[in-house]
Amino acid sequence: MKATIILLAALAVAAASAAVKPNYDQSPFGVNYLKWHYFDRPGGLDDLRTRMKIMKDAGIYWDRDGFDYGDIHPKPDEWKWDHYDKCVALAKQEGINLIGLLLGGPTPRDEAQRKAYGEYVYRVVNRYKDTVKVWEIWNEPNIPSFWKDPDVKLYTLLVKEAYARAKQADPTCTVLIGSTSGPGQDWFNGIYDNGGWDCCDGISIHPYAMAANPIEQGLDEELRLVKKCISKFGTPKPIWSTEVGWRARTPQQEEAQATRIVQTYVIHAANGVHMDYFCMDDYDGWGFVKRDKPLETKLAYGSVKMLTDALGSPGAVRFKGYLRMPAGVACYVFARKGNDRVLVVWSNDDKPRSVQLAQKTGLIAKDILGRPVRITGGKLEVGQTPVIVYGADARRIGKVSGDFNPYLRKPGSNLLINPSMDSAPGNEPHGWTPGRFFRSDNKGTFATTNDGRAGSTCVSISNSTSPAAWDASPIPVDPDKTYTLTGWIKTKAATGRNVIGLFWYNGSQWHVVGTVCTAALTGTHDWTRVTVTARPPRDAALVRVNLISENNSGTTWFDDVTMTEQ
Ligand SMILES: [Ca+2]
């Protein structure tokens with residue numbers, strides 16, 4: 001979703017026989033990006049080495065970085081390698097694994113441009129094949145920020161060309177395709193429909209959230225739905241999240257950012273998905289390193305280090321399952337040596353909850369900011385900030401199972417965030433926004449009032465033009481399931497169109513791929529229940545519930561909305 005990634009460059013070498021063997025392990029922790037293009041100056045490589053050490057100190061051994069087409073091939077007869085040679089050689093020496101992002105030049109629209117891109121892919125992969133084994137074809141081609149007028153047919157043609165040329169250079173490399181802004185099911189369906197599915201070894205996605213945190217985002221469900229989508233294409237292929245992140249622009253936001261980053265890494269690890277955090281630098285508030293010399297970090301840096309220490313990095317993370325917890329608590333179990341286990345526990349919201357573990361002794365707990373957490377007789381209190389529990393023993397902690405994943409949807413449960421609207425800090429209901437995502441659609445008077453059902457909080461729209469709607473946080477949806485939307489509407493001298501609707505979005509949320517609405521109300525009515533049931537279109541990845549009041553010269557109130565999955 002990042003509209004502005006500045007990309008870089010990189011590559012390299014063949015001659016570093018004395019170098020440390022690259023660490024091509026299965027560590028799932030990565031970052032974007034070391035910004036190699038900043039280091040093409042005296043002393044620059046030493047700075048880059050410093051940054052690699054900072055990364056590794058946090059237990060992160062993967063860097064996703066750009067091998068910029070324009071830098072490497074500035075003129076028809078010129079190929080410039082020196083800078084990338086040095087950077088890749090350094091990564092090799094330092095044991096940093098690279099994901100090479102192959103991006104740059106004009107959007108390839110014709111055969112000549114595709115062939116030219118293919119030649120660049122061949123040359124880059126061939127030059128660095130001893131060091132760089134994972135390559136990604138373009139960045140976020142499903143949004144106009146990176147690919148003018150996104151067109152999955154054209155992208156698939158590019159993938160076919162690039163895959164053939166990459167494999168010609170290095171049959172053992174891994175080629176990732178997609179690189180979608182958002183979960184991208186529509187994009188992968190399109191690649192499959194256009195015959196490109198065989199031209200990849202894995203897919204990449206950028207599951208940035210438009211929600212408050214990964215729990216409200218439904219990140220666990222989102223990853224499982226992407227997996228389900230591509231499982232229909234045949235041979236299973238791995239998913240890599242090559243960009244995802246959370247901002248903290250002030251010190252007061254840093255604990256929440258650290259929490260979200262750790263939860264995001266843990267949820268990815270539990271789903272077997274590699275993840276590159278965007279980004280190590282504090283670009284626009286996203287990162288966790290403010291400055292490298294002298295090192296100044298945000299809280300998330302220490303939290304990530306604690307997590308990678310606990311889970312083991314470098315090396316594969318061994319997720320074993322979940323412990324059964326009280327409602328609102330998640331507990332992930334990871335294996336260390338032998339029967340040694342480490343638990344990561346958190347409460348879904350800011351309500352602290354009591355947890356009683358089956359193992360009563362030998363446990364030590366700390367939260368991810370390093371603060372000790374009291375644990376007595378296996379009992380502890382957990383809040384939103386994740387707690388790491390050390391000293392767990394596989395033989396004493398009780399049953400560990402995938403069935404205890406707290407984010408598995410239960411039939412009939414309400415999937416919406418703050419459906420009653422009663423949580424309204426700052427006098428706007430949490431999870432609800434006036435106006436539609438990516439458009440304004442807020443022409444009218446939008447209010448949060450105490451006119452709700454039984455005197456509770458609700459929202460209203462008056463004196464609206466068309467279009468006008470309250471928009472809910474997006475929720476991941478499964479096109480194989482059916483959804484029932486129910487809500488309550490009250491009207492006073494209402495005109496126009498007053499309904500509640502489901503807006504199905506594609507993964508990037510740049511396109512509404514379908515809508516369905518309840519029956520409409522006009523005139524004056526006390527609270528009236530409205531409902532509609534529908535199945536999402538195949539390309540839907542997310543749904544936003546909209547509370548709609550268009551061309552209304554009166555007032556319409558909305559409250560108590562539910563959306564369930566069947
Ligand atoms: Ca309410």
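**Backbone geometry, sheets and packing in the predicted model**

Trp138 is located in the loop that links strand S4 (134-137) to H5. In this predicted model, the residue adopts a phi near 70°, a positive value in a residue other than glycine. Trp138 has 23 C-beta neighbours inside 10 Å and therefore counts as buried, the threshold for burial being 20 or more. A positive phi, of about 50°, also occurs at Asn551, which is not a glycine either. Asn551 belongs to the loop between strand S29 (542-550) and strand S30 (555-565). Because 16 C-beta neighbours lie inside 10 Å of Asn551, this residue is classed as partly exposed.

The domain assignment divides the protein into domain 1 (29-313), domain 2 (320-404) and domain 3 (425-565). The centres of domain 2 and domain 3, taken over C-alpha atoms, are separated by 38 Å.

Eight strands form a closed barrel in the order S1-S2-S3-S4-S5-S6-S7-S8, with parallel pairing. On average, and with direction ignored, neighbouring strands of this sheet are turned by 25° against each other. Strand S1 (residues 29-32) is paired with strand S8 (residues 274-278) in the parallel sense through four bridges. In this pairing, Gly30 is placed opposite Asp276 in S8.

Two cis peptide bonds may be described next. One joins Phe278 and Cys279, with omega at about -15°; Cys279 is situated in the loop between S8 and strand S9 (289-291). Another joins Lys293 and Pro294, with omega at about -10°. Pro294 is found in the loop between S9 and strand S10 (296-297).

A further sheet, which is open, comprises seven strands in the order S16-S15-S18-S13-S12-S11-S19 and has antiparallel pairing. S16 runs antiparallel to strand S15 (residues 364-367), and two bridges join them. Here Lys366 is positioned opposite Pro372 in S16.

Helix packing is illustrated by helix H5 (residues 152-169) and helix H6 (residues 185-193), whose axes lie 9 Å apart at an angle of about 60°. The crossing of H5 past H6 is right-handed. The contact brings Val152, Thr156 and Val159 of H5 against Trp187, Gly190 and Ile191 of H6.

Val159 also features in the largest nonpolar core, which contains 157 residues; Leu102, Val159, Tyr332, Val345 and Val543 touch the most other members. In soluble globular proteins, nonpolar side chains tend to be buried together. When neighbours within four places in sequence are left aside, the contacts of Tyr332 are Val266, Ala270, Phe319, Tyr322, Leu343 and Val344.

Phe233 lies in the loop between helix H8 (219-231) and strand S7 (239-244). This residue is partly exposed, because 16 other C-beta atoms fall within 10 Å, whereas burial requires 20 or more. Phe233 is in contact with Tyr192 and Trp197, residues up to four places away in sequence not being counted. Between Phe233 and Ala169 the separation is 64 residues in sequence and 26 Å in space, C-alpha to C-alpha.

Notes:
Residues are numbered from 1 along each chain as its sequence is written. This is a predicted model: local features need pLDDT of at least 70, side-chain atom pairs count only at pLDDT 80 or more; totals for chains, interfaces and linings use all residues. Two strands pair if DSSP finds at least two bridges between them. Axes are lines fitted to C-alpha atoms, for helices over the stretch in contact, and angles run from 0 to 180 degrees between N-to-C directions. Domain bounds come from an automatic or database domain assignment. A nonpolar core is a set of buried Ala, Val, Leu, Ile, Met, Phe, Trp, Tyr and Cys residues joined through C-beta atoms within 7 Å. A residue is buried if 20 or more other C-beta atoms lie within 10 Å of its own, exposed if 12 or fewer, and partly exposed in between; C-beta atoms are placed from the backbone. Two residues are in contact if their C-beta atoms, placed from the backbone, lie within 7 Å. A crossing is left-handed if the near helix is turned anticlockwise from the far one by less than a right angle, and right-handed if clockwise.
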